[in-house]
Amino acid sequence: MSDTGKQKELEANKLAAGDYRYGFHTDIAEDKPPKGLNEDTVRLISAKKKEPEWMLEWRLKAFRHWQNMHEPTWANFEYGPIDYQDIFYYSAPKQKKPSPTSLEEVDQELLKTFDRLGIPLTEQKRISGVAVDAVFDSVSVGTTHQSELAKHGVIFCSMSEAVLHHPDLVKKYLGSVVPYTDNFFAALNAAVFSDGSFCYIPKGVHCPLELSTYFRINAEDTGQFERTLVVAEDSSYVSYLEGCTAPMRDTNQLHAAVVELVALDHAHIKYSTVQNWYSGDKEGRGGIYNFVTKRGKCAGAHSTISWTQVEAGSAITWKYPSVILQGDNSVGKFYSVALTNHHMIADTGTKMIHIGKNTKSTIVSKGISSDHAHNSYRGLVKIMPSAEGARNFSQCDSMLVGNHCSANTFPYIEVKNNTAVLEHEASTSKINAEQMFYLRSRGLDLEESVSLIINGFCKDVFKELPLEFSVEAVKLLEMKLEGSVG
Amino acid sequence: MLEIKDLHAGIEGKEILKGINLKVNAGEVHAIMGPNGSGKSTLSKVIAGHPQYTVTSGVIEYEVNFKKLNLVGMEPDLRAREGVFMAFQYPVEIPGIPSSVFLRAAFNAICRHQGAPEMDPIDFDQYLRGKMKLLSMDEKNIDRPVNVDFSGGEKKRNEVLQMAILNPRLAVMDETDSGLDIDSMKIVAEGVNKLRRPDNAVILITHYQRLLNYIQPDFVHILYNGKIVRSEGKELAQEVENRGYDWLIK
């Protein structure tokens, strides 16, 4: 069957199964070198990006390291083997004008795609208050509000541009939080990463706009390997948002991203994600493997890094946004809602590594599982000998909808300083029949009732999201749970 | 308005209601009394449509706006949107959801069904505060999560508030007086009295006669072992208070 024919069939399937309104495919010519992975692939990607020698060297070192690594197997799920030679590592849409100098020159098909995703990019339509870097398969197609941000000294551009125009910053910070030796997927990413966003907030600047990256996978059988780096200098503040979607296909696609955050003295980085990759159909066919390494370093004293994530998509989500609390009095936060339905799997949580004195971390994790899904919270709180007076509060709640799903909590705690204070609370509940009857006896239908209960359950996380995102997140959960209850 | 005919119903295969017949007209207040285990709470849950209870035979005819419906088999939310309300004996907690949000969602769901305009949050806030004043309730509770950490009395008053907001045609109040001290009971009763209208009806389910000192029923029914064994005027309640149930059930 042709790709569009398949696409139509899948869309029809999906309409019957519930709605994934981002499942469409954009028909656009692609610059797509052959499948497979070897040193030449790495060189080719680097050449496509016209990268300097040092960048290529770093990639090659990563690649050679990766070749000696093994795919980890400790996660609480199984998945079919990934054939790393059967993936396209680079796919860029062919544009009529090869390198558009402004967003107005970007190919109409691409602009239309982002319009349809609710992320208008052109000057007259774009969302005020939010600067967007739009990534389509392996490349960034454009970044909005750049000149406005430049007035404040804020750099917000694609990773490819950063490598070319801000090499000193990239050299200094790339891999400083997640080195390529860190893990199998981080090494792979370092070798073949194609794009992503770079943000730099100078000393004392409160970034005037929300910065955001929208990741779109479009081409079939491609892997998306993006890399994001956010650096906040002394006493700066930035709120960064990330959204992701992909077309519906009956094969799995790999998304292995790396995100690194660096917060210097008194800096504050707030990083929010609403992840809605295609999660496969009702029988569990297709969907994205979302194997991501996200880590922030509170390098400076009194710095704060806060991760907020709403994970509602992907066939498998495997990620642990973490914070290294190196600076004294630094603060790490992790707020997560992971929703799994049909045959989705999520193994997610965080690591809080306390090194500095009086460092504080907060973990609030809410897992919701329905149908045949598996949802695990996995978290590590580690107090190093130097972390005098460290504090942690963890709360991990799971909610089950129906009788075929499961939830697990794996909290790991390592304490090497006895002045530390740690609190851990965990609960597992089912959507309670009496709650449902109570709400329904007041006139709310099945779905409205579930949505209210779920909203109440996730409130502590939703309130951490920027307003427009929290509305979006609520809608997303409602859409996902439609048809799951009853 | 409501006519229950030969209603048999139970839970998990056990029959609890064994042929109930009851007719309630608009404007009337009916009290249903009976000893523990007689089926009082089951009756209220079956009228409201609790999914754990099964109706094995009989009908619950409900007439509203010139429509005649059989409530048996209808989803509980549809019953509510047609104007049926049940005040719970044990109101349920909904963590994280402010009362104002919950009540507006319910109010608008009913409006939508009945073809009335929905209310925006600002208008609804005024409407809600007005009703709270009517029931002498503390307005600070407006943003507290539904029933969470409410005292027993607060929960029961919250049920009456919901009744005031949703404005049902038929309200079934399941032991709303239980667990209330005398002052709270007076407030609840006063609230119910204020909500009485010629076009709505109330079924009061109660174990004790004392609530009926404050809400005057038109009829009193005695439920025993799944059947209504006696129906009379309000004097019957006093007689039960004086003599107990035994003389009625042998």
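Me: At what angle do the axes of H3(B) and H5(B) cross?
Reply: They cross at roughly 35° and come within 10 Å; axes are lines fitted to C-alpha atoms, for helices over the stretch in contact, with angles from 0 to 180 degrees between N-to-C directions. Helices are DSSP runs of H or I, at least four residues, and strands are runs of E, at least two, numbered from the N terminus. A word on the source: this is a predicted model, where local features need pLDDT of at least 70 and side-chain atom pairs pLDDT 80 or more, while totals for chains, interfaces and linings use all residues. Residues are numbered from 1 along each chain as its sequence is written, with chains lettered from A.

Me: What makes the contact of H3(B) with H5(B) up?
Reply: H3(B) brings B:Leu103, B:Ala106, B:Phe107 and B:Ile110, and H5(B) brings B:Gln162, B:Ile165 and B:Leu166; contact needs C-beta atoms, placed from the backbone, within 7 Å.

Me: How do the residues of that contact divide into nonpolar, polar and charged?
Reply: Six are nonpolar, one is polar and none is charged. Here Ala, Val, Leu, Ile, Met, Phe, Trp, Tyr, Cys and Pro count as nonpolar, Asp, Glu, Lys and Arg as charged, and the others, Gly among them, as polar.

Me: How many residues does each chain give to the contact of chain A with chain B?
Reply: Chain B gives 22 residues and chain A gives 17. On the side of chain B that touches chain A, H3(B) gives the most, with five residues. That side divides into 17 nonpolar, three polar and two charged residues.

Notes:
Two residues are in contact if their C-beta atoms, placed from the backbone, lie within 7 Å.
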